2 protein chains.
Amino acid sequence: MMVPAASPSLPLVLVNGQLTVGGFGEISTRDRGFTLADGLFETMRVHGGVVFRLDRHLSRLSGGLRTLDIPDPPELRSWLAGAVAQAGVAEASIRLTVTRGAGPAGLTPPADAHPTVVIAVNPMPAFPAAVYEQGLKAKIASGRRNPRAMSAGLKTISYTDSILAWMEAQRAGADEAIFLDTDGHCSEATASNLFIVSRGTLRTPSVTCAALPGITRAAVIELAGRAGLPAREEAFAVEDLLAADEVFLTSSLRGIAPVTVVDGRPIGGGTPGQVMRQIASAYLALVQQECSGA
Amino acid sequence: MMVPAASPSLPLVLVNGQLTVGGFGEISTRDRGFTLADGLFETMRVHGGVVFRLDRHLSRLSGGLRTLDIPDPPELRSWLAGAVAQAGVAEASIRLTVTRGAGPAGLTPPADAHPTVVIAVNPMPAFPAAVYEQGLKAKIASGRRNPRAMSAGLKTISYTDSILAWMEAQRAGADEAIFLDTDGHCSEATASNLFIVSRGTLRTPSVTCAALPGITRAAVIELAGRAGLPAREEAFAVEDLLAADEVFLTSSLRGIAPVTVVDGRPIGGGTPGQVMRQIASAYLALVQQECSGA
C-alpha cells in the first residue's frame, strides 16, 4: 500500500519559511519546544504532490495552538506550498512543528515569543510488506494514557510515553504497543489510532479515552459510513480488543495497518481481515481521488 | 530567601561541551528532544560557585537515561564544572538537558544517535518578595497527573501539561497550579513538589501519586527528620490540603515557597506558617553548609 518514494532532494527542511541548506536547519537551545515540549505538530501525507486533507490538519493544529495560546502563524499555508513545490516529489510525508519559540528559563510563557515553525518534507516511510501481509504484533503497554491530562486531545511534542511503550514492545518481540487509558479502556497505539471489528461493526476508542482525534481515523469512519458499515466511537475494554474479529491501526504515514496478534494471542483468524482490506483499499482510493483534485 | 544574582556573563550555554558565543547555541531541527520530547533535564542551584547536591541530580538523571535507553554522556561532570568556572558567578541556576540526539522522522530510536547535551547557566530567578511574605495563591488544575504513565517519575522534557495548568491558574488570578492525580490524590505543582503540615506532621504526596522525586523534597524530608518533625510520603486528598495548617512548595530554583490560598480559600491563618519558616531557614543553612564544603 505504501510506495516508498526516496528522493535525493529529501529531506527538505524550512525553518520559519527559510529553506535550510547543507543539513536540516537549526533552532535555538532556548526554543521552548526543545526545553518544555511547548508546541504541537502535524504529520501529513503528500500524494501526487498534494497534501491529503491539509485543511483538517491545519484546523486541528489551530485549535491546539489556541488552547496553548500560541499565535497561529499566518504564513503556514504558503510555507507548506513552497516546501512541497521545492521538494518537487509526488510522494512524501510532511512533519509540521509549531512551538511557542525561544524564551528564557522557566515555565512562564514569554509575552514577546515568536513561534518557531519547522516544516520537514521527508520520504514516505517504507513499512515492510510483511506488515500488510502478516499483520503487526502488538503488546499492551504497561503504562496508561491519561484522558484527564491538561493536554488530552492535543497533538503535542510530548511523545516520551510512546517511545517508552514502543521500546517495551520491541523488547517483548512485538512491533507496536497499544495503550489502555487510566480507566482501563482501550486508547490508541504509539502514533496511530486503533480500530476493532466485532461482528461487522467498526469500533474505535472515543476521544474521551485519550485517543487523539486522528485525520485518518476520521476518514475511516467516513468511509465505513459510505460502505454501509456501522462505525462507533466509544469506550471498550481490552477483552473486546482480544475478542475482536479484526484489529487495525490508522495514521497518516501508515495508512491502514492490520494487527494480527495482541500480547501473543491471535486476533480472529490470526491473519489480516476482510473489513480491514476493504477499508484500506477505499482509503487508498480516497487519497488518490482527493489528491488528484477529482 | 532568593538572592537574584544577575550577571553580564549569564546566560552561558554549552552544547555538547562547546561554549556558544553570540547567542544561546543551536541544535538540529531533527533533535528528538525538539521533535518528540525524547530527553530529560535537571535544574540545579549554584551557591558560592558550587552546585548544590550535584550527585543526586546526576544520579536521578542517570536512572532516567537508563529507562529511556539513552547513553549517559561520560563528560557531564567535567562539562558542568567547566560551565560553572567559565560563568564565574557565585549564584546561578543550571539547566542541564540531555536528549537522545538527532534522528530521522518517526518514533523509532535510531541505533546510531549521539546524545545532545545542553548546559545553560542562568541567573537565579528573582521571585517577588511578596511570595515569601504573603504566600502564593494556588489553583487546583482542571487536568490530572497520571501516576501510571510510562514516564511517571522521570523528569522528561514534557512540560506541556504544566504550562497549560500554569496558564489556567493565571487566568483565574492565581500564581500557581496544584495537580491532583487520576485517582484524586494530591500530586505536585507545575514545577515544584507539594508539602502540607497537619497538626505538626509534614506530609508530601508519595511518588505513586505522580509526584516527581524532587531533590529539594528529599532535603526537606531529611531536615524535618533532623528537627524531630514527623514527615511522611503518602497519598492524601484535596480535603487534607484545604484543611492543612500550612502548605508549601519546594524546588531547586524556588527553595521553599509558602502557599496561603488554594482555590480562593485561605490555608491555616492565611499567612505563611511557622513550620515552613523553620524548614526554609534550615534549608538555606543546608545549602550554605554543603556548598561551602563544610
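1. Contact between the chains. In this predicted model, chain A brings 60 residues to the contact, and chain B brings 60 residues as well. The two chains bury about 4700 Å² between them. Carbon and sulfur atoms account for 67% of that area.

2. Which three residues supply more of the area that chain A buries against chain B than any other three? They are A:Phe34, A:Leu107 and A:Met150. Together they supply 17% of that area.

3. Fold content and overall size. Chain A holds 8 helices and 16 strands. Its radius of gyration is 19 Å, close to the 19 Å that the globule rule gives for 294 residues, so chain A is as compact as a globular protein of that length. Along the principal axes, the C-alpha atoms fill a box of roughly 55 × 45 × 35 Å.

4. Burial and contact range. Of the 294 residues in chain A, 60% are buried; the cut-off is under 20% relative accessible area. Now take the contacts in chain A between residues at least 6 apart in sequence. Of these, 73% join residues at least 24 apart.

5. Surface. The accessible surface of chain A is about 11100 Å². Carbon and sulfur atoms make up 53% of this surface. For the area buried between chain A and chain B, the share on carbon and sulfur atoms is 67%.

6. Charge. How many positive and negative side chains does chain A have? There are 25 positive and 27 negative ones. The centres of the two sets lie 2 Å apart.

Methods:
Residues numbered from 1 in each chain as written. Chains lettered and ligands numbered in written order. Predicted model: local features only at pLDDT ≥ 70, side-chain atom pairs only at ≥ 80, totals over all residues. Heavy atoms only, no water. Helix = DSSP H or I, 4+ residues; strand = E, 2+ residues; numbered from the N terminus. Rg over C-alpha atoms; globule rule 2.2 N^0.38 Å. Buried < 20%, exposed > 50% of the residue type's maximum accessible area, 1.4 Å probe, protein only. Contact = heavy atoms within 4.5 Å. Areas by Shrake-Rupley, 256 points an atom, 1.4 Å probe, with all protein chains shown as cover. Lys, Arg positive; Asp, Glu negative; His and termini not counted. Charge placed at Lys NZ, Arg CZ, Asp CG, Glu CD. Buried area = accessible area lost by both parts, 1.4 Å probe.
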